[in-house]
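I opened my notebook for this one and wrote down each thing as I looked it up.

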Amino acid sequence: MDWAGWALFGLVATALLTAAMITAQLAGLTRLDLPLVLGTFVTADPDRARVVGFFLHLCVGQGFALGYAGTFTLLYRATWWIGALLGIVHVGIALTVLLPLLPGVHPRMASQRAGPASTAVLEPPGLFALNYGVQTPLVTVVVHVVYGVALGLLLQAR
């Protein structure tokens, strides 16, 4: 396995994905602020949460990059299109499983069933993260495919 490539390019691809998500949010294409969502696991202060969340997302992305690198190694090849396919699987799991489960474990996120007594500060993403805007699924798919393509192009299957 390409350990040096994983260590470097996993960070590069995750930083690219995170920057693209933040850019899409700032451009009004989505209301999903992933660093804020992740960082509020740790702190209630939104400014600190964004910084903490950025670094948490780098760590999570590094874990996913390890899975991509392992898959490339098992297939004995790393290509842009295999990376894109892995990106589609990755985002499919994120949008249909991980994000909808988040309200069950996130201390500052409301659930779909939260009543008026809820003190949560984040709304739940819902299926496909549609609660953060109708373009959110498309934006999320595009940036995860870019992540996979980047890893497919940069990693070597050894």
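**Entry 1: helix H4**

Which residues are buried in H4? I looked them up and found Ile82, Gly83, Ala84, Leu86, Gly87, His90, Val91, Ala94, Leu95 and Leu99. I note here that the model is a predicted one.

Next I asked what covers the buried residues of H4. The cover includes H3 and H5.

I then looked at the span of H4. This helix has 22 residues and reaches 30 Å from its first C-alpha to its last, close to the 32 Å expected. I also found a kink of about 40° in H4, and it is centred on alanine 94. Alanine 94 is also among the buried residues of H4.

**Entry 2: the core**

I turned to the largest nonpolar core, which has 28 residues. Which of its members touch the most others? They are Phe72, Tyr147 and Leu151. I checked where the core residues come from: H1 (3-26), H2 (34-39), H3 (46-75), H4 (80-101) and H5 (136-154) each supply at least two.

Setting aside neighbours within four places in sequence, I found leucine 151 in contact with Phe9, Gly10, Ala13, Ala65, Tyr68 and Phe72.

**Entry 3: leucine 154**

I stayed in helix H5 and looked up leucine 154. Is leucine 154 buried or partly exposed? I have it as partly exposed, at 34% relative accessibility. Not counting residues up to four places away in sequence, leucine 154 touches Asp2 and Phe9. I also took the distance from leucine 154 to isoleucine 88: their C-alpha atoms are separated by 18 Å, and the two are 66 residues apart along the chain.

**Entry 4: aromatic pairs**

How many aromatic pairs does the whole structure hold? My search found three. One of them joins tryptophan 3 and tryptophan 6 edge-to-face, at 6.0 Å centre to centre with 90° between the planes. These two tryptophans are three residues apart in helix H1, so about one helical turn separates them. I noted tryptophan 3 as exposed, with a relative accessible area of 51%.

Another pair is phenylalanine 54 with phenylalanine 55, also edge-to-face. Their centres are 5.4 Å apart and their planes are at 85°. I logged phenylalanine 54 as partly exposed, at 26% relative accessibility.

**Entry 5: salt bridges**

I found two salt bridges in the structure. In one, the side chains of glutamate 123 and arginine 31 meet at 2.7 Å, N to O. Why does this pair tie together parts that are 92 residues apart in sequence? Glutamate 123 lies in the loop between H4 and H5, and arginine 31 in the loop between H1 and H2. Glutamate 123 is partly exposed at 32%, and arginine 31 is partly exposed at 48%.

The other bridge joins arginine 50 and aspartate 33, with the closest N and O atoms 2.7 Å apart. Arginine 50 lies in helix H3 and aspartate 33 in the loop between H1 and H2, so this pair ties together parts that are 17 residues apart in sequence. Arginine 50 is partly exposed, with a relative accessible area of 35%, whereas aspartate 33 is buried at 8%.

Definitions and conventions:
Residues are numbered from 1 along each chain as its sequence is written. This is a predicted model: local features need pLDDT of at least 70, side-chain atom pairs count only at pLDDT 80 or more; totals for chains, interfaces and linings use all residues. Side-chain values use heavy atoms; hydrogens and water are left out. A nonpolar core is a set of buried Ala, Val, Leu, Ile, Met, Phe, Trp, Tyr and Cys residues joined through side-chain atoms within 4.5 Å. Buried means under 20% relative accessible area, exposed over 50%, partly exposed in between (1.4 Å probe, protein chains only). Helices (H or I, at least four residues) and strands (E, at least two) are DSSP runs, numbered from the N terminus. Contact means heavy atoms within 4.5 Å. The expected span of a helix is 1.5 Å times one less than its number of residues. The bend at a residue is the angle between axes fitted to the seven residues ending there and the seven starting there. Rings of Phe, Tyr and Trp (its six-membered ring) pair if their centres lie within 6.5 Å; planes under 30 degrees apart count as stacked, over 60 as edge-to-face and the rest as tilted. A salt bridge is a side-chain nitrogen of Lys or Arg within 4 Å of a carboxyl oxygen of Asp or Glu.
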